[in-house]
Amino acid sequence: MRLLRLSLRTLRREWHLPELRTLGASLVLAVVALGVVATLATRIERGMLASAAELIGGDAGLSAPQRLPDHYAEAARRHDLAISRSAVFPSVAFAHGQSQLLDVQASDGAYPLRGTLQLRDARGDRAGRAPAAGQVYLDHRALVALGLKLGERVQLGGRDLVIASELLRQPDGGELFALAPRAMMSIADAEQAGLLSVGSRARHQLLVAGDAGDVRRWREEAAAAPLPQGAQPISPEQAQERMRSSFDRASAFLRLTALLSALLAGVAIALAAQRYARRKTNEVALLRALGTPRRQVLGLLLGTLVALALPAVALGAGLALLLAQGAWLLASQLFSSIPTPMPLLPVGAAAAMGTAVLLGFALPPLARLGEVPPVAVFRASMARRVRRFDALYLLPATVALALIWSQSGSLQLAGILAVSLAGVAALAALLAAALLWLARRVAPGAHPALRLGLAALARRRGMSLLQATALSLGLVALLLLAIVAPALLDGWRRELPADTPNWFVLNLQDDQRVDFSRAVAGLGARELNMLPLAVGKLTAINGRPIDALQFQDERAKDWADRQLRISWAGALPPSNKVVAGRWAGERPAEAEVSVDTMWRDMFALKLGDTLHFDIGEGGLDARVGSVRQVDWRSFRVNFFLLLDPAHAAQLPHTWIASFYLPRGHADALARLARDYANLSLIDVDALLDQIRAIVDRVGNAVRWVLGFSLLAGALVLAAALAASAAERRHEAALLRTLGARRGQLRLAAACEFALLGLVAGLTAALGAGGAGWWLARTVFRIEGFVPPVLPLLGAALAAAVVVMLLGLAGTRRVVRTPPMQLLRAS
Amino acid sequence: MNAPSHLNAEPILDARDVSKSVRGPEGQLDILRGVSLAVREGESFAIVGASGSGKTTLLGLLAGLDTPSAGSVRLDGHALEALDEEARADVRRRLVGFVFQSFHLLPALRAEENVMLPLELEGRSDARERARAALDAVGLTPRRRHYPAQLSGGEQQRVAIARAFVHGPRLLFADEPTGNLDQRTGQHVADLLFALNRDRQTTLVLVTHDPKLAARCTRQVELQQGSVLRTGAERAVSA
């Protein structure tokens, strides 16, 4: 208690000390940066997840080939969740003597629970719900194919329905291979028409929506017992493979920004604590000389630190919440339709992390004060014991690693960042040491201002090394955030170029290929790509029936039950890479299959294993000749299993085609589809649009978070530069007394800081470029990412200028220190 | 006894009716009131007085570290009150050297580098050689690569003296130069200062509490509450 009182009194008395204020401000800043970033990131992540819910029409759900048992809906009601039932099935529609196969979705009036059903009718474009009984919505292609207009009637499943609206866009459940054209009708009509009876080809869906916790509980409950035969859960995370990878990358971006802010704060705190410890050395020596035990001295120092930390953390947390709310209000137009409450946990975590950063980075220099011997009151040089290695300084390194680990959530990301930052620190120290060495050699013949600047750097050798390293770490974080992250985002966006295939065609027959190719080319289609498609089942591995085999991977059983899509090609398709074995080519001696890495892992396959497939009436034994890594995020047609053409060409198959057709040709394509009645044409424009919108949302969100991190970084850099301010002031007063002109001091300071900034900037540019390249390859998996060299070099030079200006601004008062102060200090 | 050569010289330092006031929490505070004195080249001049009598303030005004509220100070013909801080810095750099009670060495610099400072400010390329010669003159060649914290008080003050005369100033201002030193070391430092005064004809102006040190100067002035109480008789100093 006495110690606490004493600590509080010390804090009150010392509050005027600039380094203590810097320490407090750094902590506030750390908590604000961590808190704002974490709060915004969590909220944006939730927003994005919610926007994924828009894609599936609810927060979660189940789908099954038969009507789902009622207990799932009852459980949802018990958890206060809204529910909606749908069924999707193909059905032929008739009108004006014409028929057209449609992909029909029958839903109840609650559909969609999330997202919007966009309709067009006489009132214009609007958001709506599933149609009432007796009504139907048709999409544009269905209207064109059947030659119908709004208000007319169409026969579907034996019922006569009025076309109430044109269906523009619907949450599509992420089903890329849903059939098209589309229709939507009331589930009551579908049931009455017998379209959903046992034996129909309908796939039933139950969607739920509500409070996140309730949804989670419902999902856990549903997953607790085995699902009905063929049933699968629907979740926003699983909505679509591509979308999931988008979310992963988005959260990695956000976590990266939060992490770098935290490390910046740590650097600032370490610098301020060093200054404070230096200032306290004489006082501690005096206290020890007066008989204060070491334990009490340490207790007092720790008490002061805690007394400072508590209000600073509280203030930081409060400010973080305020700023996060403000930023959210400004950014929320990104997620206009989705209410996301302010999460409080991230700020609590930020406060805890801020405190850990304070203790981790500030304790070592303060704890070492306990070693100041009483005799140091006479001899300042005895205050510090020189060590070759100080184990206590492993503490900030451990805190930094723990932060990297906890924030990155990925061992890979953590490893890359830790190695990059350590590399940058080492490189900065090395470059700075080289500069200082050079300073000694160049100084005698250099321009007086440069010589003074170099002399100043060399004079504060330890501080210069520390500042260069701190500045480099700060700058590498800023460059990563400001230049590399947007470049990564751009790289990501470029993966969906404007001519990404937006149409897929299924069921194309051998004899239709040439004519169809010519026809779509005539419509202006580009990037036409055709692959054979056989449907079969995997029945044995190395001669052992698949049913008799046990697999550790749960997915294996599911895939063993499924109908597989198998293709063949003579050349390795684009966005495929052979990672093991050798690509078979056109004519291998025996039948070969190339499997995707997921298949290799799922079925524990090795090169040389033999797989037996039942395809059509016959079968095929194929040896595993190679393993491929497939980029599933590309919008190309890709297959888990690729056979060699020589042995597969005789298998019963159809063709799957993909091409890009500029918008505005849908009518012509629909007419073409009438000529090829067996084809299924699938338009993925809407899906592409949604994905592009997600990428843009993430881009905007990251930019918002970046803004805060940049601000935090800039403030921390300023704090780092302030580290040597007191020493500079004394030095400036002395130099002024000895007759130095202000201009001389300013020019010397400009040279000193510009050199420091240049070392830091170049190191940071190298570090950020390297880390960016590494991150792009391994974490974000962006092919062909080249770090933006020129902007990085420009930023390195700009950093030199900014550090120089910041340094000059910081020394403005220093230069004006009246020389008389020196006499007074005597 | 030979008459010192400076006795007939023009004053290198001439203060006339100098006053200094500052605004304090209880209104205006007069630190110096109408002080006049003249110091001739090559002379050694002591300013003595009790604590708070205005000695250090007067030294600061004479050296051009500050400007008087009233009156004038001429240093080698330069009216310091008419010059701005930049011009005064220029005068200091060319003409003045300083020795402080607390030494004021830069802790991050070695002894030799501390001595090089005034030469670096002048942009001289022979800074290192001259600094070594200056350190040699104060008997510190073996300590030239030591940092201030590794030197005793007496050694630190000798480095400060080397720094003060390394650029050949015409005036050396010393503020309690022996105040932080024991008697023997103080004596040694004082000997150094007077040797410089004698051998290089460097005018020495010092502030001191020590009557013995003051007595070694050719003249002294005693301040009391900001005014000149008495001016000591001029005396010749034997070698």
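Two strands count as paired if DSSP finds at least two bridges between them. Helices (H or I, at least four residues) and strands (E, at least two) are DSSP runs, numbered from the N terminus. The model is a predicted one, in which local features need pLDDT of at least 70 and side-chain atom pairs count only at pLDDT 80 or more, while totals for chains, interfaces and linings use all residues. Residues are numbered from 1 along each chain as its sequence is written, and chains are lettered from A and ligands numbered from 1 in the order in which they are written.

The model scores ipTM 0.77 and pTM 0.57. Residues 1-8 of chain B have a pLDDT below 50. Where pLDDT is low, the predicted coordinates should not be read in detail.

Chain B holds an open sheet of six strands with mixed pairing, in the order β6-β7-β8-β3-β9-β10. At its edges are β6 (96-99) and β10 of chain B, each pairing on one side only. On average, neighbouring strands of this sheet are turned by 20 degrees against each other, direction ignored. Within the sheet, β7 (residues 171-175) and β8 (residues 203-207) of chain B are parallel and share five bridges; Leu172(B) has Leu204(B) in β8(B) as its bridge partner.

Leu223(B) has Val228(B) in β10(B) as its bridge partner. The two strands form a hairpin with two residues between them, and Gln225(B) in the turn has a positive phi of about 50 degrees.

Chain B also contains a helix pair. The axes (lines fitted to C-alpha atoms, for helices over the stretch in contact, with angles from 0 to 180 degrees between N-to-C directions) of α5 (residues 153-165) and α6 (residues 183-199) of chain B come within 10 Å and cross at roughly 10 degrees. Therefore α5(B) is roughly parallel to α6(B), a term for angles under 35 degrees. Residues in contact have C-beta atoms, placed from the backbone, within 7 Å; here they include Ile161(B) and Phe165(B) of α5(B) and Leu192(B) and Leu196(B) of α6(B).

In chain A, Leu146(A) belongs to helix α4 (residues 140-146). Leu146(A) counts as buried because it has 24 C-beta neighbours inside 10 Å, the cut-off being 20 or more other C-beta atoms within 10 Å. Gln98(A) is 48 residues away along the chain, yet its C-alpha atom is separated from that of Leu146(A) by 6.2 Å.

Methods
Angles under 35 degrees count as roughly parallel, over 145 as roughly antiparallel, 65 to 115 as roughly perpendicular and the rest as oblique. Two residues are in contact if their C-beta atoms, placed from the backbone, lie within 7 Å. pLDDT is the predictor's confidence in each residue, from 0 to 100. A residue is buried if 20 or more other C-beta atoms lie within 10 Å of its own, exposed if 12 or fewer, and partly exposed in between; C-beta atoms are placed from the backbone.
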